[in-house]
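Please look over the sequence and the 3D structure shown here before reading on. The notes that follow take up how the chains meet, and then turn to one residue.

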There are 2 protein chains.
Amino acid sequence: MLAKSFFLRLAATCIFLAGAAVAGAHDGRLRLTVEVEQGIPYYRLDFGDRCVLGKSRLGVALCNERGYVGDLVIASAESASCDETWQPVWGEVAQIRNHYNELLVRFLQPDSSRKLDVRFRLFDDGLGFRYEFPEQPTLHVFEMQEELTEFNLGHDYTAFCMPGDYDTSEFTYTTAPLSRLREEIPRQSAAHKSYEAKSAGDLVVQTPLMLKGANGLYVNIHEAALVDYAALELNVDDERFVLSANLMPDRNGSKGFLQAGCRSPWRTVVVSDDARDILASKLILNLNEPCAYADTSWIRPMKFAGVWWEYFIGIGRSWAYSDYSDAKPGVTDYARITPNGRHGATTDNVKRYIDFAAANGIDAVLVEGWNEGWEDWSAYTKNRHFLFDKAYPDFDVEELQHYAAERGVRIMMHHETAANAADYERQLENAFRFMADHGYNAVKTGYVGRIIPRSEYHGSQWMNNHYIHVVRRAADYGIMVNSHEAVRPTGLCRTYPNWIAQESARGTEFEAMGGNPADHTTILPFTRLMGGPMDYTPGIFQGDLSYYKEGFKHHEQAATTLARQLALYCTMYSPLQMVADLPENYARFDDAFQFIRDVAVDWDDSRYLEAEPGDYITVARRAKGTGNWFIGCTADENGHSSRLRLDFLDPGKIYVATVYADAPDAHYRSNPQAYVIRRGRVTRGSQLAIHAAPGGGYAVSIFEVSDPASLRGVKNLPTKIN
Amino acid sequence: MLAKSFFLRLAATCIFLAGAAVAGAHDGRLRLTVEVEQGIPYYRLDFGDRCVLGKSRLGVALCNERGYVGDLVIASAESASCDETWQPVWGEVAQIRNHYNELLVRFLQPDSSRKLDVRFRLFDDGLGFRYEFPEQPTLHVFEMQEELTEFNLGHDYTAFCMPGDYDTSEFTYTTAPLSRLREEIPRQSAAHKSYEAKSAGDLVVQTPLMLKGANGLYVNIHEAALVDYAALELNVDDERFVLSANLMPDRNGSKGFLQAGCRSPWRTVVVSDDARDILASKLILNLNEPCAYADTSWIRPMKFAGVWWEYFIGIGRSWAYSDYSDAKPGVTDYARITPNGRHGATTDNVKRYIDFAAANGIDAVLVEGWNEGWEDWSAYTKNRHFLFDKAYPDFDVEELQHYAAERGVRIMMHHETAANAADYERQLENAFRFMADHGYNAVKTGYVGRIIPRSEYHGSQWMNNHYIHVVRRAADYGIMVNSHEAVRPTGLCRTYPNWIAQESARGTEFEAMGGNPADHTTILPFTRLMGGPMDYTPGIFQGDLSYYKEGFKHHEQAATTLARQLALYCTMYSPLQMVADLPENYARFDDAFQFIRDVAVDWDDSRYLEAEPGDYITVARRAKGTGNWFIGCTADENGHSSRLRLDFLDPGKIYVATVYADAPDAHYRSNPQAYVIRRGRVTRGSQLAIHAAPGGGYAVSIFEVSDPASLRGVKNLPTKIN
């Protein structure tokens, strides 16, 4: 008892000290408290006089072990602080400040001598903390039963969330108070899931979870640096408004195998009373380890076109070379079977895209359906579905390699694994060597379906290690990775910047598969993008698929205006941006297409001008190494009126701005292709009133003018655009 | 009904024709009958006037499908025959005759139009048959529920068998009538299992299953060419004496995922009224596909010594470099932790073995414990246990590479995977490249423990593909594979001759871990070795482990005499033979060690002189490319008296024979190291009376004499040796 109370007093001192220290170093609004009550550790987070998280449990339960469920005391606490600036290989900004106060609390179970550390880092814009399992005589390897981590919100918040699922993040978002999720998730989200979904249970939600409080607070909960650990989802107590950890199990129910000396990922809570701060937060990147590579010169942001959208628009184009469903990759002699005549990845068609890319400054062309195995979709029931080093007979690898190289265009490899991660690893070296031998420097990977090894889910520990393994191995070959249907990102692109983008949410493809709500792109940056860039594949000019009369099958109308598609190149931050529509559609709207030609994919600076989750986002970004800015705004089904003041421009300089805005009568349902383009001079402090139509948006390019002669005939941009 | 009866009549005709054709081509003793009764196909196998297998069901049940459970008719039948001779890359004989009559029966489910073929091949010494699933409109990918294959023995046989298990074949054998297995398996086998055992259920036995009938018949049931399929075990009906297929599931219960166009492995039934014919049978090799490699010059049979037995004899030698159980391969800096001083794989110790090998014509030295990861045994609970390209600090890879090469010795790599096949595949390319870079041309792989991927067992479909993947990938690097704890072999070494040996049964190591019964080596060639060579690791001269006073822990006495250890180099056929004991023990018995120096590992001819499962085996083999013969005899606990007639020697030639036999008072328990050596001239027709002590055996080398002068002073070998 003496020791216990001693530790408590010591703890109280440390916490007080640490709390004070923390408060002193940042802008002072966030305050962390850590305490133990009846052997159970808790933390609490306050924002000024508002409580963000009330007394919230910490701890870990282990399988077949006593674990850290109770009887803990604080053995000691240490504080530290950091203020450093680092340069991302690519990013929204050129410099990132990593500024936090740290509190390391060492917990002890006195009668077992079992130790557990929790490291907290308090930033101006939020909190990160993780469990650290010190090496110790009574703990060696162990199996996680569950993290006991809680996020005690204490009152009802409006959540922007998806149902918890072990296999997919491809749901539409539910926007509803926590108290109504029980009814709203099935209505808003659950019906819009991808087919591999494996529910984590009722009232479980995924992270990143965006919350908006009646108290004016915006709170985002996620994790950083998901390495060798199960992904985090959250149970929702919709009466007490307490969230608690629900780690993704494997199919045997195991939530992770760990060894003393390891650490959990960081649990992150980004907080502000201004939604724009959530989007601007670099907290998750800061909590990841620095870049693991000495040389990153081979990693380059890029735009890419692709043999892709034509598979979705209902014109009967096929990934498969033939209709011979008994085909077996590596066994069947494809040269001897009858082609179906609808194959997309033919040498000629790919050349068409290469020509398009070369003519418009697009760096690369993705080609899907180039390799053996697309004749059926028997994922999970086949131990080998695709070959990654064997092209279909009508896709001439060498010829296209030379054709593309001569035009300065790269071909982006596609590795659809059918979620057979085991077989992908089996083929990985051959696949990457094949890529290196044929001039490929980027791959889009896919994990559609149920996972093989058949013990795993998309977010279980083994799979989380798999994704990183692929990315690291790709780096050995100078290859960038764009993973689709992988676990949602947690900022690991800082450590592995060749993990250039991920999908891991409902992207543009779903506009042709059930649709995305009009507010989808106003939520994604607050949720999915908190962990890293998304390959959202914007740029769909022809969103009404009934346009494709011939072979018409789909009735989908993408929930977007054409102008908003331009905006997404800014609002959906990614160093990898697809130019997703067909070349012929861009030819029809060549004036609007100019924005896509112009827009950058890497940035020195980013300013979130306006933001409200579920409603609108407006961001301005300065292109890497230039004085040119690009602005994008995306709005929900109600539209949005912006009043922008260009006070981020350099004083004394003159710029020419081009605004691509919805026409006054534009509407995402009835009139999506109506846009206006306005061009004129702007300077620092210029004001702009621009209206985004319902489901619409706008984009602005602002080029610094170095030669005043070029301004001849260019008038000032009108203040009111549309 | 018309069609059905038509098919039945056609079938009856074909079967009659095929049966007749089959009978005509071989020695006429085996007869196959195939018929359909009430929609269910059956086969029957007779040996002269003795029924081997009575009416035995054929068929396949599929998950979630009607499958082939009933309503089948015979649509057609085709017969063919083959008589060819092929040369194995290595083997017991230089030439193998592949001589069979074939009956292909095409079954049809008329109302579903579903097709199933069964291909039978009848050899002089047995039957092989497999299921073939033709490509067809109503069958694409499917999941196996169970094979319905039966082996209807019809009466009680004495079985030499192991309990069915999904994870291990490391049981002692049960010898008992089928009717008594229920009591005898728990008594004789189940207590002697390795720790990863996962029972397949009561009254399930493994194959190869050896049977001896009161009718004088010897029957061996196994499978050939286990590729992309679950391993076969057998349910025993101990009242009707019917065996039925029990395919190994994965942990989800799936018994295999298949695609139309595939085939099952061959189900093999080797039959004779002379037990020696079972051992001499090449039926299983013949049913495998020919060698898959164009160039096999790099594949070489060999003897090897190793840093190995010293880990088992209780002297405290350690695979691990340190006692630091929190060590993490690839993370921990081993150079900074304290060595335990008991590590076996040190540069100096390995040099000692290299010197020993070089001095005695031994090709290679295995080194276990050379790589990071041995500090604990947390298999299954770690996602990475070992690194395969990182040596411990006291194992100097480069220095040993040069030291061995200068002495003409190879080092054999060791890859203990801890049954983490997933991580092994992840590291495979690096591991093989590391080997190739450092002059290694052979690897001993190990799969101790529960399998990762955690959905798999050692014999489930995915793992069976894994083993082949490793072997094929090894071939790309010119590497031979000796797999331990893998699924038992099925003759795939014909197709992949760099799969130079396997363990897959209870080897010599168990003499120091609970013991092997004295008759163990009289059963293994009738069971485990039917599928391919075994790395049994013979050559233990010091079998009483109490000899190692210092640090003495074990009380084990190997159930063998010293002389029998020599015999095993002949009776346990393998192109890879370990010289397993410590160099210093061979120095103590240098005269006996001469046999190990002399004995070959590749053969032009083999003659099984005497054989009775569970009692004794005597074999003579002619060394590849020479006129020299080597004889080995192993006996059970009762010993065995041989009267050999050397009528396999060339007429007119003179030979010098050396007999290494148990001394008259030798006994495997009380006097195992008592042996006599007799040397003298022999010629074709010479007779020898040699006695194998209880648990003993003998070995004979017979060298052809080309220079008569060398015979001066050599007398005729006495007829009675001991």
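## How the two chains meet

The copies meet through the same surface, because 100% of the interface residues of chain A are also interface residues in chain B. This is a predicted model, in which local features need pLDDT of at least 70 and side-chain atom pairs count only at pLDDT 80 or more, while totals for chains, interfaces and linings use all residues. Residues are numbered from 1 along each chain as its sequence is written, chains are lettered from A and ligands numbered from 1 in the order in which they are written, and side-chain values use heavy atoms, with hydrogens and water left out.

**Extent of the interface**

- Contact, meaning heavy atoms within 4.5 Å, joins 41 residues of chain A to 41 residues of chain B.
- About 3,300 Å² is buried between chain A and chain B, with carbon and sulfur atoms giving 44% of that area; buried area is the accessible area (1.4 Å probe) that two parts lose on being put together, summed over both.
- In chain A, the residues that lose the most area to chain B are Phe257(A), Arg426(A) and Arg454(A), which together account for 21% of what that side buries.

- Six salt bridges are found across the interface of chain A and chain B, each being a side-chain nitrogen of Lys or Arg within 4 Å of a carboxyl oxygen of Asp or Glu.
- One of these pairs Arg426(A) with Glu425(B), whose closest N and O atoms are 2.6 Å apart.
- The elements β18 (257-259), α7 (421-437) and α8 (461-476) of chain A each supply at least two residues of the side that touches chain B; helices (H or I, at least four residues) and strands (E, at least two) are DSSP runs, numbered from the N terminus.

**Gln577(B)**

- Leaving aside neighbours within four places in sequence, Gln577(B) is in contact with residues including Met302(B), Phe304(B), Leu568(B) and Val601(B).
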